[in-house]
Amino acid sequence: MADGQINRRKVGVIMSASATIATAKTSSVSPQSEEQDMVRKVAVSSFLGNFIEWFDYASYSYFATTIALVFFPSGNHTVAMLQTFGVFALSFVLRPIGALFWGNFGDKKGRKGALAISIMFMSGASFLIGCLPSYAMVGILAPALLLLLRMVQGFSASGEYAGAATFLGEYAPTSKRGIYCSLIPASTAIGLLAGSTLATIMTASMSSDALTSWGWRVPFLMAGPLGLIVHYIRTKLADSPVYASMTAALDDKRKTTAKGTSVSPLRELFQHHFKALVISFGACVLNAVGFYTVLTYLPTYLSDTVGMAAAQSSTITTICLVLYVALVFGMGHISDIFGRKKVLIGACMAFIVLTVPAFMVLNTAQFWPVLVVELAMCATLTANDGTLSSYLTETFPTSVRFTGFAFSFNLANAIFGGTAPFIATWLIYSTGSSIAPAWYMVAVAAVALVAMILSHENTDKDLNRI
């Protein structure tokens with residue numbers, strides 16, 4: 001009997017000790033584990049959302065010649081290409097409006113909600129593009145529907161890049177914000193890489209008839225299931241501690257005021273942060289033209305203007321994108337060490353000096369010289385692209401961060417980014433010079449340089465305090 005009581009006491013002590021240890025482990029590990037798990041989810045959802053957007057844009061750009069045949073009347077190839085890139089440019093018209101909508105939504109209601117809803121519209125529009133009938137089937141209705149869906153997509157995608165960078169930047173440690181935020185441009189490049197790789201494989205393995213009839217639809221149809229996955233992940237996220245702290249402070253402020261009202265993010269942005277908005281717009285101009293020219297327009301330029309084989313130009317772009325992904329993280333890390341302003345000024349100066357000679361080499365149509373030059377242009381672009389997302393995140397205070405980032409970034413892309421392929425094609429057509437787009441990029445880089453000289457360095461600042 002005594003032995004039994006002793007054994008029961010031993011078991012009770014052991015179970016009590018085990019419970020105490022388990023509770024101690026849970027209390028000491030869980031908060032950190034939960035935060036790390038949330039950061040991983042934010043990173044994954046940010047990556048996939050931007051991947052879908054830029055995979056679609058890559059597909060549209062790399063299959064531009066095929067899309068021109070499907071959706072526009074045949075006859076004059078140059079006119080058909082201008083129409084195709086015109087639809088590409090017009091899809092950007094709603095981006096600034098969408099930026100204000102999603103930015104205001106994200107600053108008032110939370111980053112999580114805005115991103116969870118916008119991805120459904122964006123991926124849904126992409127999926128429906130893959131289902132559209134051709135011009136031969138329904139005539140003018142085909143390009144009209146294409147334009148409508150591209151504009152819906154532009155509206156919904158306008159909050160994706162800025163929202164994801166804002167979300168991730170607010171979770172990131174101050175000393176590593178540059179490399180954390182560089183995941184956003186890396187995801188865009190990987191989306192372009194996937195689109196480029198798929199285009200290369202399909203162009204090399206499929207007949208032109210098969211590519212025109214159904215092959216080009218595949219990448220757009222893939223957006224449907226991917227969008228559902230990202231939406232599910234985002235519904236499980238929590239808004240950042242930085243945003244939660246701001247909303248708590250606003251709630252406390254409302255309790256102490258008679259009316260309990262607050263200024264809208266839009267009004268606050270334009271009344272109190274207009275100078276920062278203008279400078280940010282100027283900084284984004286080079287990114288807009290550089291990104292769409294170097295990473296999406298050059299394959300078409302090399303095949304249609306320079307005369308390289310489409311398979312060769314696609315292969316070069318694929319190789320460059322691999323380097324781009326590797327370097328963009330490095331540039332984010334470098335900006336953490338030396339500051340965003342210095343890195344962005346260096347990128348502006350490099351584009352001013354190198355672009356015209358680079359285009360001269362591109363016109364040799366020789367594989368290895370063209371490859372080397374594109375690699376150099378991609379490396380220069382990473383200095384801008386790998387730094388810009390963290391720079392914009394740090395420029396605006398929490399209450400208008402999403403709106404300020406989204407509007408400056410998307411306005412620049414609407415005016416200069418979406419029109420870059422169209423303007424480049426028009427400049428060549430109007431001037432008869434195949435290097436005319438280079439001078440356009442030099443002028444844009446000069447504008448961005450002035451903006452960056454006028455900007456402030458915010459690299460080491462706490463996001464709760466700016």
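Modeller: We will take helix pairs, then cavities, then a pocket. This is a predicted model, so local features need pLDDT of at least 70, side-chain atom pairs count only at pLDDT 80 or more, and totals for chains, interfaces and linings use all residues. Residues are numbered from 1 along each chain as its sequence is written, and side-chain values use heavy atoms, with hydrogens and water left out.

Biologist: At what angle do α16 and α21 pack?

Modeller: Two packed helices are described by the angle between their axes and the distance between the axes. Axes are lines fitted to C-alpha atoms, for helices over the stretch in contact, and angles run from 0 to 180 degrees between N-to-C directions. Helices are DSSP runs (H or I, at least four residues), numbered from the N terminus. Here α16 (residues 274-306) and α21 (residues 420-431) pack at about 45 degrees, with axes 9 Å apart. The two are therefore oblique to each other; angles under 35 degrees count as roughly parallel, over 145 as roughly antiparallel, 65 to 115 as roughly perpendicular and the rest as oblique.

Biologist: Which residues of α16 and α21 meet?

Modeller: Contact means heavy atoms within 4.5 Å. From α16 come Val289, Tyr292, Thr293, Tyr297, Tyr301 and Thr305, and they meet Ala420, Pro421, Ala424, Thr425 and Ile428 in α21. By class, this contact has eight nonpolar, three polar and no charged residues. Ala, Val, Leu, Ile, Met, Phe, Trp, Tyr, Cys and Pro count as nonpolar, Asp, Glu, Lys and Arg as charged, and the others, Gly among them, as polar.

Biologist: How does α16 pack with α18?

Modeller: Their angle is about 5 degrees and their axes are 13 Å apart, with α18 spanning residues 340-362. That makes α16 roughly parallel to α18. The α16 side of the contact includes Leu286, Thr293 and Tyr301, and the α18 side includes Ala347, Cys348 and Phe351.

Biologist: How many cavities of 30 Å³ or more does the structure hold?

Modeller: On a 1 Å grid over the protein atoms alone, a cavity is a set of points where a 1.4 Å probe fits but cannot get out, a pocket is an open set with protein on both sides within 12 Å along at least five of seven lines, and lining residues have an atom within 4 Å of a point. Grid points are joined across faces, edges and corners, and a volume is the space filled by probe spheres set on the points. There are two cavities of 30 Å³ or more. The largest has a volume of about 50 Å³, and Trp54, Asn287, Phe291, Tyr292 and Asp385 are among its lining residues. Its largest share, three residues, comes from α16.

Biologist: What lines the second largest cavity?

Modeller: Val289, Thr293, Ala420, Ile423, Ala424, Pro437, Tyr440 and Met441 line this space, which has a volume of about 30 Å³. Two or more lining residues come from each of α16, α21 and α22 (436-454). Val289 and Thr293 of α16 also meet α21 in the helix contact.

Biologist: Which residues are closest to the centre of the second largest pocket?

Modeller: That pocket holds about 390 Å³ of space. Of its 21 lining residues, Tyr62, Thr65, Thr66, Thr203 and Ala310 are the closest to its centre. Its lining has nine nonpolar, eleven polar and one charged residues.
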